[in-house]
Amino acid sequence: MHPDFDLPSKARIDGRTSSITAVFFQAITPVIVPSDAEVDEAIAVLGMTSGNCRCAYCGDARTEWDHFRPIVVNRKPTGYITEIANLVPACGKCNQSKGNKNWKEWALGQAARSPRRRGVVDLEQRIKNLEAYERWREPVRIDYAELIGPERWTEYSKLLETAVAHLVAAQQVAVTLQAIIGEHVRSKRQVNDLERINQAAEHLNSEASKVLEYQAPEDLPSETEL
């Protein structure tokens, strides 16, 4: 393939199962909006000041607030919720790289775009700040099955399993359909290529005929006259 060209990544329907799982449990996760004073206190614990809030993991510009402790791990809810005790300012690179990993193992590990991997110069101090943040408040943690009852929880979990099963089945159908569509496109391309070749050949034949039919003007001197 050409060194200056890359095909867009090809998505799979069943490759979205993690996202669907996360959405399923995020949909029932409580959200507690913090007060301005709570946000200021959280920022201070992380060693920053209001108006200069940056990514707590690497120091780049903040673009979002990340769940410090993941909401979902191994396709199961952890019980942590969306609240100031479980949110830290982050950049998109760190948030996407961290995913649902343990924050410290990720930050000090070699995952793509982790602070350690990117060579964040003040990482040691950032780890200390995040450890202080971890101790700052006791986060809320819910046992969903106990709270809503095992019957309802089982029913909701089965809905997730059904949704995932549909994604897997849809992917299998998509593979079959793609093969049919791909064959059609390739056949059509071959026909188009053949038509272009025939058109080029006709053009060359036409030009060759013009050359063969060409007659020199009568008033040109003959070879004997020259």
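1. I71 first. Leaving aside neighbours within four places in sequence, I71 is in contact with Q26, T29, K76, P77, T78, G79, Y80, I81 and N86 (contact: heavy atoms within 4.5 Å). The residue sits in the loop between β1 (64-67) and β2 (72-73); strands (E, at least two residues) and helices (H or I, at least four) are DSSP runs, numbered from the N terminus. I71 is buried, with a relative accessible area of 6%. The cut-offs are under 20% for buried, over 50% for exposed and partly exposed in between, with a 1.4 Å probe and protein chains only. From the C-alpha of I71 to that of P34, 37 residues apart along the chain, the separation is 18 Å.

2. A note on the source. This is a predicted model: local features need pLDDT of at least 70, side-chain atom pairs count only at pLDDT 80 or more, and totals for chains, interfaces and linings use all residues. Residues are numbered from 1 along each chain as its sequence is written, and side-chain values use heavy atoms, with hydrogens and water left out.

3. The main core. The largest nonpolar core has 24 residues, of which Y57, V88, L130 and Y133 touch the most other members. Such a core is a set of buried Ala, Val, Leu, Ile, Met, Phe, Trp, Tyr and Cys residues joined through side-chain atoms within 4.5 Å. Two or more residues each come from α2 (36-45), β4 (87-90), α4 (103-107) and α6 (123-136). Helix α6 gives the most, with 5 residues.

4. Y133 and the second core. Beyond its neighbours within four places in sequence, Y133 is in contact with A42, V45, L46, W65, F68, I84, A85, L87 and V88. A second, separate core has 11 residues, including F24, F25, Y80 and L160.

5. E131. This residue lies in helix α6. E131 is partly exposed, at 24% relative accessibility. Not counting residues up to four places away in sequence, E131 touches W103 and K104. The side chains of E131 and K104 make a polar contact (2.6 Å); the term means a pair of N or O atoms within 3.5 Å, where within protein one must be able to donate a hydrogen and the other to accept it, and residues adjacent in sequence count only if both atoms are side-chain atoms. E131 and L46 are 85 residues apart in sequence, yet 9.1 Å apart C-alpha to C-alpha.

6. Helix α8. V173 lies in α8 (residues 150-213). V173 is partly exposed, with a relative accessible area of 47%.
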